[in-house]
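Okay, everyone, let's get started.

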Amino acid sequence: MSDFMSHFNTIPDPRIERCKRHALMDILFLSISAVLCGAEGWEEIEDFGHARLDWLKKYFPFENGIPKHDTIARVLSRLEPKALQASFIAWMNDACQLTQGEVIAIDGKTVRRSFKKGDRKSAIHMVSAWACQNNMVLGQQKVNAKSNEITAIPALLELLDINGCIVTIDAMGCQTAIAQTILEQGADYVLALKGNQGDLSDEVKMLFAQSKLPLKEQNTEEVDAGHGRIETRRCRQIKINSKYLPAGERWPKLNSIIEIEATRIIDNQTSTEKRYYISSLGLNAEKAASVVRQHWAIENKLHWVLDVSFREDESRIRRNNGAEVMSTLRRLTLNLLKANTSSKASMKRKRKIAIMDDALRSELVCPDI
């Protein structure tokens, strides 16, 4: 990933020429390095720059020193988010080699304190694509204020190189247009099924409720135990046709339906939950169970980390495009931290070490330089 900054050269500078006292690439490199080391706002980015100016000058000129935090805020908040996201996705497409059959989990997350009451500006909601084996964010797309994830997901999918992968989405994304977009990108889909697809949901549940079916079926089971909890997950996958699932006719390349029955025993209390999915995958219950379970990585390894390690939900950056730009920088630096294997420290500890250790910081930001 040593050349990741080269992908950002195409981002338009929002300033007029005579007002450019600090180069845009200087500001971007400073901001990425600072966020990598734990900076959460404009002032902290400036503070990091003053403390590590000599190190920063090894990579970029910084001819006029470190910009004031007002300048950093003004420039980054006026960047075109689509250009920044396109650069991010181009960098990831170049740097991240997806394996055949890799699970790409797609889900949305709200930056809760990015709302602005005075301007009646709602908190921004970002949809991210997470490569479950590579443990990296492939890209993200902001949900428009008067829309929802249904429109943002296809826009994100069209930017990604996901040929040969398996895309998983929760019930919000269970839409025929989204399934078609996934197939057009050369991938397969596994979509959670709930009440938003009423007829299809009812038919799927009825099929699984029957004791005997003249259809091919596979089953698999796995058990997890720990922390006083025992969980048994049973996966049933049925290869279907339109005769037995009429509501499935309009779904492109719908090959199978999946039922996950999860039974949990906690403190001698037993609970059972059933979840249903539709899929373009063929019959392989063990693979289907694995794909469904991997989807939760986007919650545990991305959203949870953004909230706990990056404190994203506490961020009060709201100026113009600032919240969206900072959200992208967090995901970018998260990828850099995930990609590093030289340090076995946790992400939180690794960020603290990077503040003090120039060598580790250089390895994180520009590993081959």
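First, the term: rings of Phe, Tyr and Trp (for Trp, its six-membered ring) count as a pair if their centres lie within 6.5 Å, and we call planes under 30 degrees apart stacked, over 60 edge-to-face and the rest tilted. Searching the whole structure turns up six of these aromatic pairs.

Take F29 and W55: they're stacked, 5.8 Å centre to centre with 20 degrees between the planes. This pair links distant parts of the chain, with F29 in helix α1 (residues 24–36) and W55 in helix α3 (residues 53–56), 26 residues apart. Helices here are DSSP runs of H or I with at least four residues, strands are runs of E with at least two, and both are numbered from the N terminus. F29 and W55 are both buried, and buried means under 20% relative accessible area, with exposed over 50% and partly exposed in between, using a 1.4 Å probe and protein chains only.

Now, a word on the source: this is a predicted model, where local features need pLDDT of at least 70, side-chain atom pairs count only at pLDDT 80 or more, and totals for chains, interfaces and linings use all residues. Residues are numbered from 1 along each chain as its sequence is written, and side-chain values use heavy atoms, leaving out hydrogens and water.

Back to W55: together with F29, Y59 and F60, it makes one aromatic cluster. The charged end of R361 also sits over the W55 ring, 4.6 Å from its centre. That label needs CZ of Arg or NZ of Lys within 6 Å of the ring centre and within 35 degrees of the ring normal. Likewise, R351 lies over the face of F310, at 4.0 Å from the ring centre.
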